[in-house]
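Please keep the model in view while reading.

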Amino acid sequence: MDTLGYLAHGFAVAFTPTNLLWCLLGTTLGTAIGVLPGLGPALTIALLLPITYQVAPEASFILFAGIYYGAMYGGSTTSILLNTPGESATIVTALEGNRMARSGRGGAALATSAIGSFVAGTIGTLGVAFLAPIVVKLALAFGPAEYFSLMVLAFITVSAVLGSSSVRGLTSLFVGFVIGMIGVDLQTGQPRFTFGMGELLDGVDVIIVAVGLFAVGETLYVASRRYAGKDEIVPLRGSLYMTASEWARSWKPWLRGAAIGFPIGALPAGGAEIPTFLSYAIEKKLSKHKEEFGTVGAIEGVAGPEAANNASAAGVLVPMLTLGLPTSATAAIMLSAFQSYGINPGPLLLTTQANLVWGLIASLFIANVILVILNLPLIGLWVRLLKIPAPQLYAGILVFATVGTYGISQSPIDLIILYLLGAAGFLMRRFDFPTAPVIIGMILGPLAETQFRRAMTIANGDWTVFYRHPLSLTLLTLAFIGLVGPHIWAWIERRRTRGPEHVPGDA
Amino acid sequence: MSTSDQQASPPRLAIPELLIGVGLLACAGAVAWQTLAIPVSPLYSKVGPKVFPYMTMAGMVILSLLLIVAALRGGWQPDEEKETPTDWKAMGFVVAGLVANLVLIQPLGFTAASVIMFVLVCFGFGSRHPLRDALLGLILALAAYFGFARALGVNIGAGLIENQLNALISALVGIGRG
């Protein structure tokens with residue numbers, strides 16, 4: 001069967017009434033948590049992980065995918081009306097979108113962002129459907145050494161290339177490795193890092209780590225900074241329908257945004273920040289209305305980055321589904337959902353779990369349609385969610401954090417670990433350490449270790465296996481360039497602009 | 001991407017950042033200690049369960065040294081973050097709420113502990129309507145319990161509904177008195 005045949009089959013799976021309901025539930029929930037500051041898709045999917053014991057894999061992945069896409073749509077609403085990006089990927093949207101809202105064009109900003117998300121999300125999902133089988137063919141040539149090197153590359157890109165500091169990003173990643181190693185070593189049955197505590201033999205649940213870092217840590221951080229600034233909701237004025245000139249100014253940025261976002265998302269680099277910033281820079285350069293950027297708000301500056309954001313979110317699914325390589329916190333938690341079903345994402349997934357994968361991809365198309373309806377005609381509903389006052393919102397988040405954590409095994413130890421991770425999350429937030437690499441390190445670290453040991457066993461303990469295979473060597477070289485390149489580049493730039501003067505603190 | 005790191009003024013020791021670096025070094029030490037404690041069967045001596053932990057430890061040592069160097073050169077906090085005073089009172093109430101939840105969840109059950117945590121956290125965030133918050137917390141906790149936990153099939157607390165209703169009544173009594 002070719003891609004179209006598989007896709008038709010996927011629509012047959014996704015169009016069953018129950019799966020449509022899951023999709024509707026996921027998209028609604030996703031939009032809600034995207035709109036609410038302090039809640040994100042990674043946290044929400046982590047809290048909902050226990051559902052994997054209750055329902056079929058198709059149902060829970062359709063739900064999770066709906067949440068994942070929905071959060072992107074909802075996050076832009078918050079960025080535009082509140083100027084507090086609900087998601088790191090919507091920071092750029094806030095730049096122009098909030099200015100547009102302030103100058104009375106909030107409706108047009110919301111419309112271009114929702115329709116742009118729809119266009120780019122649909123293009124991105126088509127990209128997943130057609131690119132995934134191609135990547136699978138490539139991936140079949142991968143042995144354990146290549147997989148390990150690919151994971152090293154992903155580790156470097158998610159922690160060192162993105163974000164403000166490679167040292168801090170890698171620190172987060174290594175903390176994730178340590179958390180991931182806690183428990184019984186799967187290959188030898190030896191307990192590791194349990195500090196003699198029986199409770200730690202099963203390892204630390206990803207739910208606890210995600211909830212600790214994203215819910216408890218975030219709540220503590222917001223509490224510590226409560227007087228730093230009050231958010232002001234810009235009332236929604238103006239028609240939700242874009243004028244002809246706004247359409248004319250939007251459609252090219254949508255397509256360009258999708259063209260930038262999808263490939264960057266699909267590379268094992270992930271992250272929606274780079275494509276959104278890139279798209280913003282390009283739109284600013286190409287726009288005929290440069291004077292609107294940074295003043296009254298330029299519609300191109302909303303349309304492009306929003307499209308890039310959604311297309312890259314779709315792109316992230318390619319390495320996740322075909323290689324089992326998550327490159328965002330949300331994807332890492334979805335990977336642990338696969339593990340909970342005993343399914344290993346990888347090249348064989350598309351054929352062995354055709355129902356699941358193609359049903360999931362088809363449901364993404366449906367989710368996009370539902371989301372554009374949910375987020376345009378029903379926008380008033382979501383604006384009302386923004387009015388939930390911070391005290392009750394954060395207190396409520398902590399109640400749900402307790403349900404999610406204590407519900408795992410009714411052990412107060414879990415709550416203690418949760419709060420310790422919350423304290424760590426607070427410090428990380430306060431001192432600018434990214435949190436996503438912790439989750440990625442924790443989920444992907446053990447997989448990388450397995451591939452590493454497998455490769456070493458096959459090669460009889462010969463370390464050279466990682467650079468004797470050309471593909472593996474290429475991947476490792478790329479990783480090295482990713483790690484060192486930006487520093488050398490910055491050094492050259494510095495020498496050129498300021499002479500060989502010493503600049504401290506570039507950690 | 002950000003250039004805020006490079007704007008550090010004259011090199012000055014940054015204490016919080018230094019503590020983070022040293023703390024990470026201590027974590028690397030703990031990793032080393034726990035790695036040494038892993039029993040290894042001679043069968044797996046080649047690439048056993050210790051290799052990856054040692055690699056992780058080495059990475060952590062290098063990273064913590066780099067962090068310490070950065071701290072000695074003035075740290076990496078952006079000025080905006082440094083100048084914002086920490087609201088210790090608000091944080092204190094949130095922490096008190098979390099601790100109360102931890103201590104009370106077994107004796108009182110999930111609902112009552114959640115209500116107390118909810119009120120404390122709301123107070124920390126500046127809400128001055130404890131009674132209204134308690135009611136909201138109660139509704140939310142019950143919704144979380146019946147809607148979320150039941151639907152997901154997670155079992156909270158010692159947990160049958162009588163137990164929960166008891167907790168609910170004791171919470172109500174507690175509110176009535178207080």
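In the interface, 68 residues of chain B are in contact with 60 residues of chain A, contact meaning that C-beta atoms, placed from the backbone, lie within 7 Å. On the chain B side, the elements giving two or more residues are α1 (15-36), α2 (51-72), α4 (88-108), α5 (110-124) and α6 (130-152). By class, this side has 41 nonpolar, 21 polar and six charged residues; Ala, Val, Leu, Ile, Met, Phe, Trp, Tyr, Cys and Pro count as nonpolar, Asp, Glu, Lys and Arg as charged, and the others, Gly among them, as polar.

This is a predicted model, in which local features need pLDDT of at least 70, side-chain atom pairs count only at pLDDT 80 or more, and totals for chains, interfaces and linings use all residues. Residues are numbered from 1 along each chain as its sequence is written, while chains are lettered from A and ligands numbered from 1 in the order in which they are written.

Within chain A, the axes of α4 (residues 57-82) and α12(A) come within 10 Å and cross at roughly 165°. The two helices are therefore roughly antiparallel, the term for angles over 145 degrees. Y68(A), Y69(A), M72(A) and S76(A) in α4(A) meet E306(A), N309(A), N310(A) and A313(A) in α12(A). The residues of this contact divide into four nonpolar, three polar and one charged.

The loop between α12 (300-323) and α13 (329-340) of chain A holds P326(A). P326(A) counts as buried because it has 29 C-beta neighbours inside 10 Å, the cut-off being 20 or more. Beyond four places in sequence, its contacts include I440(A), I443(A) and L444(A).

Methods. Helices (H or I, at least four residues) and strands (E, at least two) are DSSP runs, numbered from the N terminus. A residue is buried if 20 or more other C-beta atoms lie within 10 Å of its own, exposed if 12 or fewer, and partly exposed in between; C-beta atoms are placed from the backbone. Two residues are in contact if their C-beta atoms, placed from the backbone, lie within 7 Å. Axes are lines fitted to C-alpha atoms, for helices over the stretch in contact, and angles run from 0 to 180 degrees between N-to-C directions. Angles under 35 degrees count as roughly parallel, over 145 as roughly antiparallel, 65 to 115 as roughly perpendicular and the rest as oblique.
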